[in-house]
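Trainee: Could we go through the chain interfaces together? I'd like to ask things as they come up.
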Amino acid sequence: MKGMTIIVKTISSWVKVLIFLFGIYIILFGHLTPGGGFAGGVILASSYVLLMLAFGREFAEENLSLPLASKLDCAGALLFAAVALCGLLYGAAGFFWNFIHQKYLMGTDYEFNLVSAGTIPLSNIAIGLKVGASLFLVILTLSMCCKDFKPGSTENEKE
Amino acid sequence: MAVFYILLLFMIIAAIIAVETDNLLSSVICVGAIGFGGSLIFLFLRAPDIAITQIVVEVLGLIILIRATISRDRTFITGDREFFGMVVSIVIIFVIFLAGMKVFETLPTFGTPIFATVGDSASQAYISEGMQKTGATNLVTSVILDFRAYDTLGEATVLFTSIIGATVILRRKAKKLPEEPDQ
Amino acid sequence: MLYALCFLLFTIGLYCAVTKKNMVKIVIGIMVMEYAVNLFLIMLGYRMGGVAPIIGRSDLESGLGGFVNKSVDPLPQALVLTAIVISLGSLALMISICVRTYEKYGTFDITQIRRLKG
């Protein structure tokens, strides 16, 4: 895969920033508007997949290499578990206790603020990181596998 | 109400074409049609979260499916499995369908959610108290990340495991231990 | 009636997964079943003329007691939201098995994958 024509490359180099920003917006405002970590994470992954389809696999791998993607994946899972554990350690009220909201934000005028809902935005960020990194990882692995076939099998590399 | 029937019939027709066509690429494209029709239905069923997620997941799933099927010849496989087993399975599927129709008669009619017929259910508590308890105005997010966050933790584990499985299956050659004696 | 159409979609997916010989067709049948189940769960929580379970400013001013009587059920939506992403992960797993099998045997036909090779 050497990438596509110059038209696709130019358009996708402009559009990728918008897709990435939209994914970040969906993640950060997940507790106020439709969206959340799952949808935002898949949008983040799809921006990198667009890079991979337009510029070729090597270019995408320079931007986000495979070990870095797997580290981000693990970091998202650990961050989500750490947020859950903080609820256990902080107030001893239980796993996944929303301690920030219950302790600090409860009486204040919290409605419709970006900084509200306690641990939910943190969990959204963790879930978005995890879903995006893992989906990018699996598509990268899939394209690496399909790259070279054994001479006995049937693959015509015309593109 | 009519829009649900139209979209569901569209999905069913796309599913029949996806099942019955011989060309694998057009079958994959029909799966995309099912997914986008489902996303529209989710939007009309007042579930915008699901609609957004379904659209983006559908795009990535189509990329995965097309990557697996494109530039492969010998994908035209005609004929079914042996005759007797196929007849038996079709009869069993038909019986399951008839039994399912009897079950659906006991459900409340379309348009009345189950939590409205049951007094003091969990969903009523989520709707009426979710804003004060979590501070999130999007109630779906407050359910998946606060009230039922164990579910999300299990989901993260399942996703992690499936990605590890795919990576292991697709790895080109097995990693050798350093001191392993070579045969 | 809508439930019956939804179940018909599930049955088509089951038929495809049971009787087809092509591996990718089996994966497609499993995907169709997933769509049908997700759709059925969301339909159970729909309220005729309801609003999405997202609280706006006007709902907050008029009190949340009225919002219970006009919102759709958020619980199936939360369950389906996780199930959709899991389905993408399992799709990747199944497709990677298909790709690996094609590399090894040169075909997607499951009746020809009988001999041991390699």
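Trainee: How many salt bridges are there between chain B and chain C?
Mentor: Bearing in mind that this is a predicted model, the count between chain B and chain C is one salt bridge, and it joins the side chains of Glu20(B) and Lys20(C), with an N to O distance of 3.8 Å.

Trainee: And how many residue pairs are in polar contact across that interface?
Mentor: Nine residue pairs are in polar contact between chain B and chain C, counting pairs with both residues at pLDDT 80 or more.

Trainee: Which element gives the largest share of chain B's side?
Mentor: That is α3(B), which supplies 13 residues to the side touching chain C; by class, this side of chain B has 54 nonpolar, 23 polar and 14 charged residues.

Trainee: What area is buried there?
Mentor: About 8100 Å² is buried between chain B and chain C, with carbon and sulfur atoms giving 77% of it, and the contact involves 91 residues from chain B and 79 residues from chain C.

Trainee: Last one: which residues make the nonpolar surface patch?
Mentor: The patch, of about 730 Å², includes Phe20(A), Leu21(A), Leu79(A) and Ile125(A), and its largest share, five residues, comes from helix α1 (residues 6-28) of chain A, where Leu21(A) is found.

Key. Residues are numbered from 1 along each chain as its sequence is written. Chains are lettered from A and ligands numbered from 1 in the order in which they are written. This is a predicted model: local features need pLDDT of at least 70, side-chain atom pairs count only at pLDDT 80 or more; totals for chains, interfaces and linings use all residues. Side-chain values use heavy atoms; hydrogens and water are left out. Patches are made of residues with over 30% relative accessible area and no salt bridge: like charges are joined within 9 Å, nonpolar side chains (Val, Leu, Ile, Met, Phe, Trp, Tyr) within 5 Å. Accessible areas come from the Shrake-Rupley method with a 1.4 Å probe; for residues, only the protein chains shown count as cover. A salt bridge is a side-chain nitrogen of Lys or Arg within 4 Å of a carboxyl oxygen of Asp or Glu. Helices (H or I, at least four residues) and strands (E, at least two) are DSSP runs, numbered from the N terminus. Contact means heavy atoms within 4.5 Å. Buried area is the accessible area (1.4 Å probe) that two parts lose on being put together, summed over both. A polar contact is a pair of N or O atoms within 3.5 Å; within protein, one must be able to donate a hydrogen and the other to accept it, and residues adjacent in sequence count only if both atoms are side-chain atoms. Ala, Val, Leu, Ile, Met, Phe, Trp, Tyr, Cys and Pro count as nonpolar, Asp, Glu, Lys and Arg as charged, and the others, Gly among them, as polar.
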